[in-house]
There are 2 protein chains.
Amino acid sequence: MEIIRNPQDMQDQALKWRAAGQRIVLVPTMGFFHQGHLSLMEYGRKVGDCLVVSLFVNPTQFGPQEDLAQYPRDFDRDCELAQQIGVDVLFVPEAESMYPPGYQTYVTVEEVTQGLCGACRPTHFRGVTTVVLKLFNLVQPQIAVFGEKDYQQLITIQRLVVDLNLPLAVVGRPIVREADGLAMSSRNLYLNPTERQTALCLYRAGQAAQKLVAGGEVARERIMAVVQQLLNHSPETIIDYMALVDPSTLAEIDTVRGAARLALAVRIGQTRLIDNFLLEESRS
Amino acid sequence: MEIIRNPQDMQDQALKWRAAGQRIVLVPTMGFFHQGHLSLMEYGRKVGDCLVVSLFVNPTQFGPQEDLAQYPRDFDRDCELAQQIGVDVLFVPEAESMYPPGYQTYVTVEEVTQGLCGACRPTHFRGVTTVVLKLFNLVQPQIAVFGEKDYQQLITIQRLVVDLNLPLAVVGRPIVREADGLAMSSRNLYLNPTERQTALCLYRAGQAAQKLVAGGEVARERIMAVVQQLLNHSPETIIDYMALVDPSTLAEIDTVRGAARLALAVRIGQTRLIDNFLLEESRS
């Protein structure tokens, strides 16, 4: 596995691969790999000739009050894990080379970023779409792989790619969960043992909603009453949002028709956790 | 010469060329070709294997009070001229295929678009950078050619390409002028004979400024006094702006050090005209 730090070197390598007819897959990450990241890499290894994993804790997607400085890092362990999976290039740019002096260009996807996390984190998605577009241009992938854990991010990137006519496919892969159902996240590290137990409320709420809809319930009001009760089970949980949305536009819906996405964000102590669930009417 | 209207067909063709190792040149235009456009195409013909000219009167770069509806068009003549130069593909998308329902992504270059035309036309450059990025993704050029007539646009696109790590070169080509010095523009068509004479004030002001600076004048105040006097020569001229700027940042300067750009925009009757001039200290 090669480690590339210089953006120009990364692009030179990518253009060489493209000229040789290779199929490039990119998995963009902020590092501190868990099984969720590894599942994206394993998928990427299967579908492409050249697998690039980017590791960049992108400052422009963190708000001024957020956890940029303490975001967990373990570069040596990340290298080892990526190598084991057969990653070809780990691309690890410095912030200074991604945003040199004079930098002034930003990309916004306007509608799908308005609600959910976009409402709580006003500049977050502008930071995400801008850095992802830069990574696409540097790595030149035909396929880019994202986790469904960050569901609004996935939908936003898919919209970016369609709207800007980028010649690549954005693939979303299923959430990987701990044995007890907590969605894997680098931020789970912040939870103390009590909070770790409390954090299960997200999975419980999602499962309850899935069961309701599978059983024929379609009314937002009744689904969300159950979700809210389960999220509020512990007094130290603060709900950032709980939303029942159209899976592709992310617009709030009143009635489930076929399928919907339940999107949840809660704060437990100092830690903000998100999760989401596909709710499907039973087809029987 | 092939005429392609469908964006996906354009991209398929471009990716085939790239896979075959061809060097693609793009000249983006809004049509109604004059000698200025043709000089960009002639340059493109020389430096590339495959020459694509896009012809798209992009609605998102016109303000609500501007001349989108009456912008001059002559498709048959444009086809003939492009064919004579040896253009390979004339890419003529419809607005509906560039901005289909649900479209919501925009690119902004923040600093270099603030002054000059950006100050008078607040959403203009957002429209330009977004459509140009889409064209780059559809046509996949290694070289894109723009005229220096739209100098702020050229600088903005160069910034876009550097900031977003696009693997292509943006080439600016000199302004082509009528025999009497008026910069060629599709909008010159709007001028009646009296206005056409009045329009020469731009060239006269630019020449006077060039002469002053070549002769050793470096003070903004004295250069701009002469420029203003020449622009105000006719009572029907309204100055939108007259600016002495750094050639790459477009920041206003007080003293010419080496080189500066004089950027002018005036309204003559209903017509808005722009022009710009490189001012260089004499090296003797």
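Q: Hi! Which residue is the bridge partner of B:Ile4 in β4(B)?
A: Hello! In this predicted model, B:Ile4 has B:Phe91 as its bridge partner in β4(B).

Q: How do the two strands run there, β1(B) and β4(B), parallel or antiparallel?
A: They run parallel, with 3 bridges joining β1(B) to β4(B), residues 89–91 of chain B.

Q: And what sheet do they sit in, what's the strand order?
A: An open sheet of 6 strands in chain B, ordered β1-β4-β3-β2-β6-β7 with parallel pairing. β1 (2–4) and β7 (169–173) of chain B are the edge strands, each pairing on one side only. From one strand to the next, the twist averages 25°.

Q: Which strands does α6(B) touch when it packs on that sheet?
A: α6(B) touches β2 (24–29), β3 (50–55), β4 and β6 (143–147) of chain B. The direction of α6(B) makes about 150° with that of β2(B).

Q: Switching to the interface: how many residues does each chain put into the contact?
A: Chain B and chain A give 25 residues each. On chain B, α1 (7–19), β5 (105–109), α6 (124–139) and α7 (151–163) each supply at least two residues of the side touching chain A.

Q: Which of them gives the most to that side?
A: That's β5(B), with 5 residues. By class, the side of chain B that touches chain A has 13 nonpolar, 7 polar and 5 charged residues.

Q: What does β5(B) do with β5 of chain A?
A: They pair in the antiparallel sense over 5 bridges. Within that pairing, A:Thr108 stands opposite B:Tyr106.

Q: Last topic, helices. At what angle do α9 and α10 of chain A pack?
A: α9 (residues 201–214) and α10 (residues 220–231) of chain A pack at about 160°, with axes 8 Å apart. α9(A) and α10(A) are therefore roughly antiparallel to each other, and α9(A) passes α10(A) in a right-handed crossing.

Q: Which residues make that contact?
A: Among them are A:Arg204, A:Ala208 and A:Leu212 of α9(A), and A:Ile223, A:Val227 and A:Leu230 of α10(A). The residues of the contact divide into 11 nonpolar, no polar and 1 charged.

Conventions. Residues are numbered from 1 along each chain as its sequence is written. Chains are lettered from A and ligands numbered from 1 in the order in which they are written. This is a predicted model: local features need pLDDT of at least 70, side-chain atom pairs count only at pLDDT 80 or more; totals for chains, interfaces and linings use all residues. Two residues are in contact if their C-beta atoms, placed from the backbone, lie within 7 Å. Helices (H or I, at least four residues) and strands (E, at least two) are DSSP runs, numbered from the N terminus. Ala, Val, Leu, Ile, Met, Phe, Trp, Tyr, Cys and Pro count as nonpolar, Asp, Glu, Lys and Arg as charged, and the others, Gly among them, as polar. Two strands pair if DSSP finds at least two bridges between them. Axes are lines fitted to C-alpha atoms, for helices over the stretch in contact, and angles run from 0 to 180 degrees between N-to-C directions. Angles under 35 degrees count as roughly parallel, over 145 as roughly antiparallel, 65 to 115 as roughly perpendicular and the rest as oblique. A crossing is left-handed if the near helix is turned anticlockwise from the far one by less than a right angle, and right-handed if clockwise.
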